[in-house]
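Student: Could we go through this structure together and check each label against its rule?

Tutor: Gladly; have a look at it first.

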Amino acid sequence: AKYVSGDLFEGRVAYWEQSATGEIARKLNDPLGDFENVGATDRRGIDVQASVRPMIGLNIWGAVAWQEAVIRTPPAGQAALAGNAIDHTPQWLWSGGIDWSPVEALTLSLSGRGQSSYYLTSANAEGKWGEMTVFDASVQYQLNETVELGLAVRNLASDHYEYVWWDGAQTLHSPANGRNVTASARLRF
């Protein structure tokens, strides 16, 4: 369902479901990039998005999603996996932010994103990993029709988060960058 109230508010709510009889997934840490059969799966979720523009130049936006992804019927010989969560699927995802243009050429932005933790394998036996909450800030200034200057600070609080997977014997970790600053110049011709 979608709701729009002029230029002030726009919102959307969606419920979705997906069933598969033979879902396949890429094997993580496989040098050949092979795939494996996950089995019959059921997924469902709710997505909510909204944006509010209380005045010209100010936009407040956000989104939250809940999802459930389970193995209904596992592949042959793996009956114990029935009802387990599908690996690397966080139940909660969110994002939001504020974009403000006090003058036409200048835009100040603050945004955040995050997710809940996830299981590393279909066995759901190696713990949950991957929870994160990260905030970013940026400034963009349109110098003229051709040049836009920007400055961005990613991961404002220098929070530690990482992508984690299981190689069959141990967890492997790929950490994200801590706080970092980027300056940019964008040219339009």
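Tutor: Let us start with residue classes: Ala, Val, Leu, Ile, Met, Phe, Trp, Tyr, Cys and Pro count as nonpolar, Asp, Glu, Lys and Arg as charged, and the others, Gly among them, as polar. By these classes the lining of the largest pocket has 9 nonpolar, 5 polar and 4 charged residues. This is a predicted model, in which local features need pLDDT of at least 70 and side-chain atom pairs count only at pLDDT 80 or more, while totals for chains, interfaces and linings use all residues. Residues are numbered from 1 along each chain as its sequence is written, and side-chain values use heavy atoms, with hydrogens and water left out.

Student: What makes a space a pocket, and which residues lie nearest the centre of the largest pocket?

Tutor: On a 1 Å grid over the protein atoms alone, a pocket is an open set of points with protein on both sides within 12 Å along at least five of seven lines, and its lining residues have an atom within 4 Å of a point. The largest pocket is lined by 18 residues, and E36, D87, L120, T121 and S122 lie nearest its centre. Two or more lining residues come from each of β2 (9–26), β3 (35–55) and β11 (162–166), and β3 gives the most, with 3 residues. Strands here are DSSP runs of E, at least two residues long, numbered from the N terminus.

Student: Why is H88 called buried?

Tutor: Buried means under 20% relative accessible area, exposed over 50% and partly exposed in between, with a 1.4 Å probe and protein chains only. H88 has 18% relative accessibility, so it counts as buried. H88 is in the loop between β4 (58–73) and β5, and has a positive phi of about 60° although it is not a glycine.

Student: What about S158: where is it placed?

Tutor: S158 is in the loop between β10 (147–154) and β11. This residue also has a positive phi, of about 55°, without being a glycine. Its relative accessible area is 35%, so S158 is partly exposed. Most residues other than glycine have a negative phi.

Student: Why is the pair of Y3 and F9 called tilted?

Tutor: Rings of Phe, Tyr and Trp (its six-membered ring) pair if their centres lie within 6.5 Å; planes under 30 degrees apart count as stacked, over 60 as edge-to-face and the rest as tilted. By this rule there are 4 aromatic pairs. The rings of Y3 and F9 have centres 6.0 Å apart and planes at 45°, so the pair is tilted. Y3 is exposed at 51% relative accessible area, whereas F9 is partly exposed at 27%.

Student: How do you know that W94 and F135 are a tilted pair?

Tutor: The centres of their rings are 6.0 Å apart and the planes are at 50°, so W94 and F135 are tilted. W94 lies in strand β5 (residues 92–103) and F135 in strand β9 (residues 132–142), so the pair ties together parts that are 41 residues apart in sequence.

Student: What makes the largest nonpolar core a core, and how many residues has it?

Tutor: A nonpolar core is a set of buried Ala, Val, Leu, Ile, Met, Phe, Trp, Tyr and Cys residues joined through side-chain atoms within 4.5 Å. The largest has 5 residues: V38, A69, I71, L81 and I86.

Terms used:
1 Å grid on protein atoms, 1.4 Å probe; cavity = no way out; pocket = protein on both sides within 12 Å on 5 of 7 lines; lining within 4 Å. Helix = DSSP H or I, 4+ residues; strand = E, 2+ residues; numbered from the N terminus.
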